[in-house]
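Please look at the sequence and the structure shown below, and keep both in view while reading. The paragraphs that follow go through some local features one after another.

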Amino acid sequence: MVRKKKKGNNFKLLTVFLFLGTCLGDYGIGVGIGDGGAWVGGGGGGGKQQTNAAYSALQSWKSAITEDPSGVLKTWVGEDVCSYKGIFCSGSSVIAVDLNKANLKGNIVKDLSLLSDLTILHLNSNRFSGPIPVSFRALESLQELDLSNNRFSGSFPQATIYIPNLIYLDLRFNSFTGSVPENLFNKQLDAILLNNNQFTGEIPRNLGYSSASVINLANNKLSGEIPTSFGISGSRLKEVLFLNNQLTGCIPESVGMFSEIEVFDVSFNSLMGHVPDTISCLSEIEVLSFAHNKLSGDLPDLVCSLRNLINLTVAFNFFSGFSSECSRVSSGFDFTGNCIPGVGYQRPRPDCSVIAGGALSCLRIPAQPLTCAAILGLKVTSSPSRPRSASAQGVLDPNSDVRDQRAASARDLFLVCDSIRQLASDDQGVPDQATKDVCDPIEATRSIPACVPFVSRSRLNSFGGPIQQSSKVK
């Protein structure tokens, strides 16, 4: 009698719970009957749906991985995806995948876009290949994407540009080909790392408008000139590496506008002409390399006086002179293989009689070497709309009657910066026809092996250090 009564009561409870489940709709409720009575579970069907989506996505990816020598995927069993090795969760949501150095071989599947809360996807130092799924643009929460040191190929993965909240993009050490898309530099990224691929074509002209603090295009096959927009926006770039490409023409005067830059490396290219005087405005520069180009003339005096400079490399160019200040650079000044009279380890005299690109016409502002206000410790702004009274607030007014020699130099810099900005006549940083060809393009004719660049003291390992199995470029 007691058993029958209990069953009857359980049946009534079950009826009530089923009715409640119908009323609650998508919220979700679980019910069951056992010897101990009826039970109910719930608290949000959304979490269950997220778990199911993550399980489906990760199992689909697991089936596309053909080699797993470290046995990482042995833990990818069961519906508790948060217990999988390399998977990190917040509650029931997958927010990070970190499979760096797992040596996995396979493809990336489109189902990963089901991980709607994914913030970090780190897959460096594996053997992934194939295309990057177009569905990745649906990863609205993704902020860091590291696909470096894999076997990806084909054109630039356009899907990455449309990931709305991405701030860190690392495609280093793959085999991507074709051009670098212009809209990449319109995206609000903090790091753009494309070095050690097979990219070709010219650097997009809107490069100077990027919000990134690090841009690494080294060890590709990029050609043409460094865009004249470079530096015009006064961006917060800290590190720029263009080494070992096929770049020609001049170093833009506008490079001096990067007041926060710490590393600038354009070595192993075919750049010609002089080093712009505005280089002396790079008050935070630590590493400066022009090595293995076809640059000529005298090195601007104030370049070697930059207070934070620890390494200056101008080796294997056609420079004919430099300041005595250069010998004081703290960690070395390499000037071998130039055309400097009375100094050892220079080019043979016949090589210096005809300097490649010696007749190249580069825009030179000003005509005389520049004494930069950044070196003098003066704060300079180049807003033409600032009132004359701004000088009382420590901001230079270019129209004021300046008699102090130091302030006069700062005024000159103001005018230089303003003139440089005039090179860009539209919002893409493209010069008008009168100034479009500041430097005549010269075809690159040589192939230079890769080299090892320096990194700044303050940013060493700022993005996790060098990639495993990769030692050429940080």
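Two disulfides are present in this structure, which is a predicted model.

One of the disulfides is the link between Cys 82 and Cys 89, in which the distance from S to S is 2.2 Å. Its torsion about the S-S bond is -100 degrees, and the link of Cys 82 and Cys 89 is left-handed. How accessible are the two partners? Cys 82 has a relative accessibility of 30% and therefore counts as partly exposed, because that class covers values between the 20% limit for buried residues and the 50% limit for exposed ones. Cys 89 is also partly exposed, since its relative accessible area is 25%.

Another disulfide is formed by Cys 339 and Cys 352, whose sulfur atoms lie 2.1 Å apart. Here the torsion about the S-S bond is about -90 degrees, so this disulfide is left-handed. Which parts of the chain does the pair of Cys 339 and Cys 352 tie together? Cys 339 is found in the loop between β25 (333-334) and α3 (349-353), whereas Cys 352 sits in helix α3 itself, so the bond connects parts that are 13 residues apart in sequence. Cys 339 has a relative accessibility of 12% and so counts as buried, because buried means under 20%. A further cysteine, Cys 281, also counts as buried, with a relative accessibility of 6%.

The region around residues 56-90 comes with an annotation: in an unreviewed entry, UniProt lists these residues as "domain: Leucine-rich repeat-containing N-terminal plant-type".

Phe 268, although it is not a glycine, has a positive phi of about 55 degrees, and its place is in the loop between β19 (263-265) and β20 (270-273). Is Phe 268 buried or exposed? With a relative accessible area of 12%, Phe 268 is buried. Phe 316 likewise has a positive phi without being a glycine, with a value near 60 degrees, and this residue lies in the loop between β23 (311-313) and β24 (318-321). Phe 316, however, is partly exposed, its relative accessible area being 38%.

Notes:
Residues numbered from 1 in each chain as written. Predicted model: local features only at pLDDT ≥ 70, side-chain atom pairs only at ≥ 80, totals over all residues. Heavy atoms only, no water. UniProt positions renumbered as here; feature names shortened; annotations may be inferred. Disulfide = S-S within 2.5 Å. Buried < 20%, exposed > 50% of the residue type's maximum accessible area, 1.4 Å probe, protein only. Helix = DSSP H or I, 4+ residues; strand = E, 2+ residues; numbered from the N terminus.
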